[in-house]
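Reader: I would be grateful for a close look at a single part of this model. Please proceed from one residue to its surroundings.

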Amino acid sequence: MTTVERHQEICEQFLAHAEDEYDSGDNLQAAEKAWGAFAHCVNSIAIEEGWKVGTHRLLRDNAIRLIDRDPERAEVRRLQLSAVELLHVNFYKELTTGDEIRHGIDDTRALIEAMRDLASR
């Protein structure tokens, strides 16, 4: 099983790769790397919390568990989560434009920061 530290390393690597892929014009890979960064962030927190991991459903449920720690910001975080999920779907369906990918990467970075903040509560 991947350790908390390794999930955190992969998260940071994938964020950097998302930027590189976007800059090179590979929007499919940029979107998927951003999604992967988010997934590894949530999994690292879930493991620390003692929550189950391993499926897409558990990933989403664990993200919502974190979001629900701050009811005042929950709706904004859910919207960001939806934007990040769209990046994952984009890998298979190629639904989004370059500008949307750019915003999605930015949303992913903000959501990861928020998740880390919420995990510390």
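Which backbone oxygen lies 2.7 Å from a polar atom of the side chain of Thr108?

Author: This is a predicted model, in which local features need pLDDT of at least 70 and side-chain atom pairs count only at pLDDT 80 or more, while totals for chains, interfaces and linings use all residues. Residues are numbered from 1 along each chain as its sequence is written, and side-chain values use heavy atoms, with hydrogens and water left out.

The backbone oxygen in question belongs to Gly104, 2.7 Å from a polar atom of the Thr108 side chain. Thr108 itself is found in helix H5, residues 98-119 (helices are DSSP runs of H or I with at least four residues, numbered from the N terminus). Because its relative accessible area is 0%, Thr108 is buried (under 20%; exposed is over 50% and partly exposed lies in between, with a 1.4 Å probe and protein chains only). Leaving aside residues up to four places away in sequence, Thr108 touches Leu15, Ala34, Phe38, Val84 and Leu87 (contact means heavy atoms within 4.5 Å). Between Thr108 and Asn90, 18 residues apart in sequence, the C-alpha to C-alpha separation is 14 Å.

Ile10, in helix H1 (residues 4-24), counts as buried because its relative accessibility is 11%. Leu86, by contrast, lies in helix H4, residues 74-93, and counts as partly exposed because its relative accessibility is 38%.

Note on methods:
Helix = DSSP H or I, 4+ residues; strand = E, 2+ residues; numbered from the N terminus. Polar contact = N/O pair within 3.5 Å; in protein donor to acceptor, adjacent residues only side chain to side chain.
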